[in-house]
Amino acid sequence: MNFDKELDARGLNCPLPILRAKKALAEVTSGQVLKILSTDPGSVKDFAAFAKQTGNELLSTAEAGGEFTFFMKKK
Amino acid sequence: MDTKKMAIIATKGTLDWAYPPFILASTAAALGYETQIFFTFYGLQLVRKDLSVLKVSPLGNPGMPMKMPFGPKWFKSINWNMPNAIQAIVPGYESVATALMKQTIANNGVATIPDLRGLCQEAEVKFIACQMTVELFGFEHSDFIDGLEYGGAATFFEFAGETDICLFI
């Protein structure tokens, strides 16, 4: 998937992946896509909840070898 | 849509209990909440300039696992809980427990309290210190970080009365 910015939140634990994502989203414009890498298993539910509450769109969630990849489109 | 609001009363002054208010406040801010924390009694320690005052004590805290943050896996999984009577007479027990806790925090990619507090400030979480307990405990305003407001119960209610979430920690 195409993306405009990448955030490496691997090794970070709650609530840092969300806080870093919030910051990264502030640096892209509406409609642009942020790719997020995380190793926190809690971040799967957290990013879904974050998207639901902030109106940013979670385009996809994938897991491979304990690593999670999210694509989020800025509102 | 109206902005959602959250108010927290932070009353605990230990390293472990410093986490819930700062984690919830920073996350709330990231979710777009207008957030305020009212620091009172021992919670005032969380807004000191010097955060090294924050310690964790296993004494009288049977829920706290005492595990080593280094060594092979079998060693890390041992629980070193000691009887209260022994903990109480060993000098420096709290300092050692605090150092081990800080190492465990770092090993797990968990933010430090100075970091989380900074993230709250960056996200414009409003900090209010209870003026009554500042005086009661003999603190000076210079003991605390800049940007604090000082107020009492009525100040808290002014904001808390309009919140969606209100927590006592």
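**Exercises on a two-chain model**

The buried residues of α1(A) are covered by elements that include β1 (5–9), β2 (33–38) and α2 (43–54) of chain A, together with α1 and α5 (113–122) of chain B. Helices (H or I, at least four residues) and strands (E, at least two) are DSSP runs, numbered from the N terminus. A residue is buried if 20 or more other C-beta atoms lie within 10 Å of its own, exposed if 12 or fewer, and partly exposed in between, with C-beta atoms placed from the backbone.

This is a predicted model: local features need pLDDT of at least 70, side-chain atom pairs count only at pLDDT 80 or more, and totals for chains, interfaces and linings use all residues. Residues are numbered from 1 along each chain as its sequence is written, while chains are lettered from A and ligands numbered from 1 in the order in which they are written.

**Exercise 1. Helix α1 of chain A**

Task: list the buried residues of helix α1 (residues 16–26) of chain A. Then find which peptide bond, from C14(A) to P15(A), is cis or trans.

Solution: 
- Go along the helix. The buried residues are L16(A), P17(A), I18(A), L19(A), A21(A), K22(A) and L25(A).
- Step back to P15(A). It sits in the loop between β1 and α1 of chain A.
- Read omega. The bond from C14(A) to P15(A) has omega near 5 degrees, and it is cis.
- Most peptide bonds are trans, and most residues other than glycine have a negative phi.

**Exercise 2. The fold of chain B**

Task: state how many helices and strands chain B has, and give their pattern along the sequence.

Solution: 
- Count. Chain B has seven helices and five strands.
- Order them. The pattern is β-α-β-α-α-α-α-β-α-β-α-β.
- Take the span. The C-alpha trace of chain B covers about 50 × 40 × 25 Å along its principal axes.
- Check burial. Of its 169 residues, 25% count as buried.
- Look at the contacts. Two residues are in contact if their C-beta atoms, placed from the backbone, lie within 7 Å. In chain B, 76% of the contacts with a separation of 6 or more join residues 24 or more positions apart.

**Exercise 3. Two helices side by side**

Task: describe how α1(B) and α5(B) pack, giving the angle and the distance between their axes.

Solution: 
- Read the geometry. The angle is about 30 degrees and the axes are 9 Å apart. Axes are lines fitted to C-alpha atoms, for helices over the stretch in contact, and angles run from 0 to 180 degrees between N-to-C directions.
- Name the arrangement. With that angle, α1(B) is roughly parallel to α5(B). Angles under 35 degrees count as roughly parallel, over 145 as roughly antiparallel, 65 to 115 as roughly perpendicular and the rest as oblique.
- The crossing of α1(B) and α5(B) is left-handed: the near helix is turned anticlockwise from the far one by less than a right angle, where clockwise would be right-handed.
- List the partners. From α1(B) come L15(B), A18(B), F22(B), I23(B), A25(B), S26(B) and A29(B), and from α5(B) come I113(B), L116(B), R117(B), L119(B) and C120(B).
- Sort them. Ten are nonpolar, one is polar and one is charged. Ala, Val, Leu, Ile, Met, Phe, Trp, Tyr, Cys and Pro count as nonpolar, Asp, Glu, Lys and Arg as charged, and the others, Gly among them, as polar.

**Exercise 4. Core and interface**

Task: find which residues have the most contacts inside the largest nonpolar core, and how many residues of chain B are in contact with chain A.

Solution: 
- Start with the core. It has 46 residues, and those with the most contacts inside it are I8(B), A25(B), I37(B), F39(B) and A129(B). Such a core is a set of buried Ala, Val, Leu, Ile, Met, Phe, Trp, Tyr and Cys residues joined through C-beta atoms within 7 Å.
- Find the main giver. α1(B) gives the most to this core, with eight residues.
- Zoom in on A129(B). Beyond its neighbours within four places in sequence, A129(B) is in contact with F39(B), L44(B), V47(B), V134(B), F144(B), L148(B) and Y150(B).
- Move to the interface. Eleven residues of chain B are in contact with eleven residues of chain A. On the side of chain B, helix α1 (residues 15–30) gives the largest share, four residues. By class, this side has six nonpolar, five polar and no charged residues.

**Exercise 5. Positive phi**

Solution: 
- Take F41(B). It lies in the loop between β2 and α2 of chain B, with a positive phi of about 45 degrees.
- Take E124(B). Its place is the loop between α5 and β3 (126–130) of chain B, and its phi is near 60 degrees.
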